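Here is a colleague's note for someone opening this model for the first time. Please read the points with the sequence and the structure side by side.

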Amino acid sequence: MLIGFIIWSLITPLFIVIGINSRKSEKPAGFWANAEAPKKEDITDVKKYNKAVSNILFVFAAIYELLGVALLFLEQNDALIILPLLGTFFLVIGIMVAYVFVERKYKKK
């Protein structure tokens, strides 16, 4: 399961890098895959919006890595592997909901 944890852990830095790029961006950061990022004129405060989006990604990366730690304590073919997988499922739903709140807060009405 150590190899599984290492593979799991290779994903975390990707979200951290995306979060850093989002925070440093001058344009509004995109969040959804295959969807256009909001236009600058549609966001009330681009800097705060990008910071909020990057915070979502940083929190996701941290919790995702914590969920992966469970792999270090599981045996091969253990039924408890479902716990990190379900945790990831609910984590992804959670970041979607968090983004909807960020979008509502910073999108011009």
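1. A search of the whole structure finds one salt bridge, a term that stands for a side-chain nitrogen of Lys or Arg within 4 Å of a carboxyl oxygen of Asp or Glu. Side chains of opposite charge can pair when their charged atoms come close. Here the partners are Glu 36 and Lys 39, whose closest N and O atoms are 3.3 Å apart. Glu 36 counts as exposed, with a relative accessibility of 67%, while Lys 39, at 42%, counts as partly exposed; the cut-offs are under 20% relative accessible area for buried, over 50% for exposed, and partly exposed in between, with a 1.4 Å probe and protein chains only.

2. Before going further, please note that this is a predicted model, in which local features need pLDDT of at least 70 and side-chain atom pairs count only at pLDDT 80 or more, whereas totals for chains, interfaces and linings use all residues. Residues are numbered from 1 along each chain as its sequence is written, and side-chain values use heavy atoms, with hydrogens and water left out.

3. On the overall fold, the secondary structure of the chain comes to four helices and zero strands, and the pattern read along the sequence is α-α-α-α. Helices (H or I, at least four residues) and strands (E, at least two) are DSSP runs, numbered from the N terminus. The C-alpha atoms fill a box of roughly 50 × 20 × 20 Å along the principal axes. Of the 109 residues, 28% count as buried. Taking contact to mean heavy atoms within 4.5 Å, residues 24 or more positions apart account for 74% of the contacts with a separation of 6 or more.

4. The chain has 13 positive and 9 negative side chains, with the centres of the two sets 12 Å apart. In this count Lys and Arg are positive and Asp and Glu negative, with His and the chain ends not counted, and each charge is placed at NZ of Lys, CZ of Arg, CG of Asp or CD of Glu.

5. Which residues make the nonpolar surface patch of about 960 Å²? The patch is made by Leu 80, Ile 82, Leu 83, Leu 85, Leu 86, Phe 89, Phe 90, Ile 93, Val 97 and Phe 101. Patches consist of residues with over 30% relative accessible area and no salt bridge, like charges being joined within 9 Å and nonpolar side chains (Val, Leu, Ile, Met, Phe, Trp, Tyr) within 5 Å. One of these residues, Ile 82, has its place in helix H4 and is partly exposed, with a relative accessible area of 43%.

6. Thr 88 is also found in helix H4, which covers residues 82-106, but Thr 88 counts as buried because its relative accessibility is 16%. Leaving aside neighbours within four places in sequence, Thr 88 is in contact with Trp 8, Tyr 64 and Leu 67.

7. The C-alpha atoms of Ser 54 and Leu 86, 32 residues apart along the chain, are separated by 23 Å. Lys 51, which also lies in helix H3, is partly exposed at 44%, and the C-alpha atom of Lys 51 is separated by 40 Å from that of Asn 77, 26 residues apart along the chain.

8. Asn 34, in the loop between helix H2 (12-24) and helix H3 (46-69), has a positive phi near 60° and is exposed, with a relative accessible area of 86%. Asn 77, in the loop between H3 and H4, likewise has a positive phi near 60° and is exposed, at 74%.

9. Glu 26 has its place in the loop between H2 and H3 and is exposed, with a relative accessible area of 64%. Beyond neighbours within four places in sequence, Glu 26 is in contact with Lys 40 and Val 46, and the C-alpha atoms of Glu 26 and Lys 48, 22 residues apart along the chain, are separated by 11 Å.

How values were computed:
Accessible areas come from the Shrake-Rupley method with a 1.4 Å probe; for residues, only the protein chains shown count as cover.
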